[in-house]
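Work through the exercises below with the sequence and the structure open, and try each task before you read its solution.

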Amino acid sequence: MHFLQGNISARFKVIYGIFFLLIISSTVWLSYLSSKGSLEDQVRSTNVALLNLIQQKIEMMLREIDTNTINFIQAPDVSFFLHGRYANDDLRFNHFRVLNDRFKALMFANSNISSFYLYSLENKSLLTDTTFSDEADFYDMKWREAFTSMTSYQKWLDTRKITEISSGLHIDKNVITLVRSYPLISMPQFRKGAIIVNVAENTVSNLIQNVDKQRAGQTLVINEQGMIISSQNKNQLFQPVSSIEGAPRLDQLTDSGYLTQNTDNGSYTTFYLTSAYNGWKYVSIIPNPEMNRPLQIIRNLLLTIAVGMFLLAIALVFAVSNYTFRPLELFFRSFTEKKIGRPGDLTYMEKFFKQIISDNETLQKQMNESLPALKWRSIMSLLMGDKTNYSRMKPYFDMLGINLYDVRFVVLVIELDRIQDIATPRDVYLFTYAISNVAEELVAGVCKGVSVELTDGRVALIMSFEEDDSQGNQIQALQVADLVKDYVAGHFKQTVTIGVGRPQLHLEGIHNSYQEALNALKYKLIMGDNSVVSIDDIAGNNHNDKFYRISGMSDSVVNFIRDTDKVKLEAQLDKIFGEIIASNVPPEMIKQMCMQLIMKSIKVISDKGLEVKEFLDPKENIYNRIESCANVDDIKSYISAFLHQLIVRTEEKRISRGNNDTIKQVMEYLEQHYMDSDLSLNLLASQFQLSVPYLSKLFKETTETNFMDCLIQFRMEKSKELLLDPKRKVNAIAESVGYNSTQSFIRIFKKYTGQTPGEFRENHNKVPRK
């Protein structure tokens, strides 16, 4: 009877306490084990994505420098120096002064260039932005051996130490060097010289630090022999990668991937990839404790939740036990005539249930707030090629609201034009967010899709199709791109340029389509703003030296079209196609060059105010027309006829424009008020009682330029007259031509004339007056 009075409630509490402990602990442990694998995959994929981003940033910088070097070395002044043809010293020094201005312009255009110099093989001499020297006396000739043994047209040399001489000072630097031969395409025995470009190693390591600053461990760039050529720790330069704690051997770093090394001081994971551009390897070495810190945080969080749930369960057991067994205790107490002194009360039970409801609401709120970030992460994993298994990703897609078919994908990249003209960074962010939503809504009417904001001003759109029709899917993707472009122009009063990749069959192809869309977007420079560029429009461009040389010749064709000179146009076409035949250029490169020539020509005509739809047949596909040509003569005939038609339409447009009295009055007004600092197109429209869009269009159609360029021309020509007076100060001249900021005036003057106001005045004073 004593057992019934005192032990039933206690046994109930112990049994159910052990039961809840087993259930909660096993549930939490199984949850941790099931999520551990996916969390580890996410940690690795994040590190791989960061390493890919570092490679893309560094190679984008190197390619830009290479492109600037190609454009620079093709200038006639540079060619004249490299051939070493000077009749006398006066001609040589005058020519050096012209080259010095070109040096400054190149350094101004690309701040990543530390120094560079021209090497004339003919005269065994070098020219920099500060000095002219014979080869035997020049301070840096360590690149000479690489140039002599170089079989290709250009080569990036590993980091090396040089001592530059500047203003009489010796400055030690670590630099990465680009050596490019001249002529651009030539056998070693026919070379006339080279251009050598030095990039400070700090520029590369700073790019690594900008991406890598929130991650433990260290990221290195090594060459094919395993020597470190860039690191944030300068003591590691020129050392083998195997000297770094936790680093693997060089023969283990093949292609790309990751591997784990155990040392006496701990365990390390190394992520690595190999560049196809220059053969360098990008390596990130991360201590495993630091890399697995998110797993430890989640594990500790789960343990904390388990303890909390167990304590809550024990409290509930006590509450339920007291309430359930109270009548029995009263019965046994009355039966044995003994008092059991714990009254029953359900108040605390009500508090427990309220707390559970409150915790559940808080957890749901946190989950809803984290869904956008998880969705962004999942879409970025698809674009970067980290997630390629649809069946594994399907549950995550359903949870995050990502609605895609399991096959047939096309990726579009949408970029907001002229971000620098938008008022504030917040406006750029809002436009980007709105474009992402609009793209997702428009694609819903065609197929399934999802969009993601890549950066401010750029959005990626993944389209997924139900029908197995690659060509039809590509057409639908282009139609959606046009809808997005028109919607943004109509509703946001902004323009976008859209790159479109090729259709891909499976999930792993999304990364390829994304890269193709990014490559297509690069042709914004040729196609202009507010355009849709498909990867098929630019296919076949290998960016080799033959293409650069022949493509450079096409710039003069564009100038002849701008000047409507048919005779010179035909002569230049004969020269280009003669060079094509003589150089044995591959057919695909010929077709690509012609396509770009047409694109550039159309852009020039469009800039003059001629609508493209006025001379292009919408039913004719230019790319297919060029593809259908059987030989080079057919291609030349088609190109010649097309470009001549552009000139004819341009001349007709000019004749139809005639004289415009309104624009004459506007030009007279500009001549009288160009010095007003608040002069704008809005003010002119108000002055002449016209709408801003109409006045802008009328201005461009009549003058073949825009209002701002015309205003700058007025101000710059007047400022050049004022600078001839040595008594006038530059800040006074800036104010007198309409600039409140002297710095703005100097910057615009240099872009317009290629010289600062001081340099212009000094050069003019040097000219002898008759």
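**Exercise 1.** Compare the reach of helix H23 with the expected span, and find which of its residues are buried.

*Solution.* Helix H23 (residues 707-723) has 17 residues, and from its first C-alpha to its last it reaches 24 Å, which is close to the 24 Å expected at 1.5 Å a residue; the expected span is 1.5 Å times one less than the number of residues. Helices here are DSSP runs (H or I, at least four residues), strands likewise (E, at least two), numbered from the N terminus. The buried residues of H23, where buried means under 20% relative accessible area with a 1.4 Å probe and protein chains only, are Phe707, Cys710, Leu711, Arg715, Met716, Ser719, Leu722 and Leu723.

This is a predicted model, in which local features need pLDDT of at least 70 and side-chain atom pairs count only at pLDDT 80 or more, while totals for chains, interfaces and linings use all residues. Residues are numbered from 1 along each chain as its sequence is written, and side-chain values use heavy atoms, with hydrogens and water left out.

**Exercise 2.** Describe how helices H11 and H12 cross.

*Solution.* The axes of H11 (residues 425-444) and H12 (residues 470-492), lines fitted to C-alpha atoms over the stretch in contact, come within 10 Å and cross at roughly 135 degrees. H11 is therefore oblique to H12, since angles under 35 degrees count as roughly parallel, over 145 as roughly antiparallel, 65 to 115 as roughly perpendicular and the rest as oblique. The contact (heavy atoms within 4.5 Å) involves residues including Phe431 of H11 and Tyr487 of H12.

Definitions and conventions:
Axes are lines fitted to C-alpha atoms, for helices over the stretch in contact, and angles run from 0 to 180 degrees between N-to-C directions. Buried means under 20% relative accessible area, exposed over 50%, partly exposed in between (1.4 Å probe, protein chains only).
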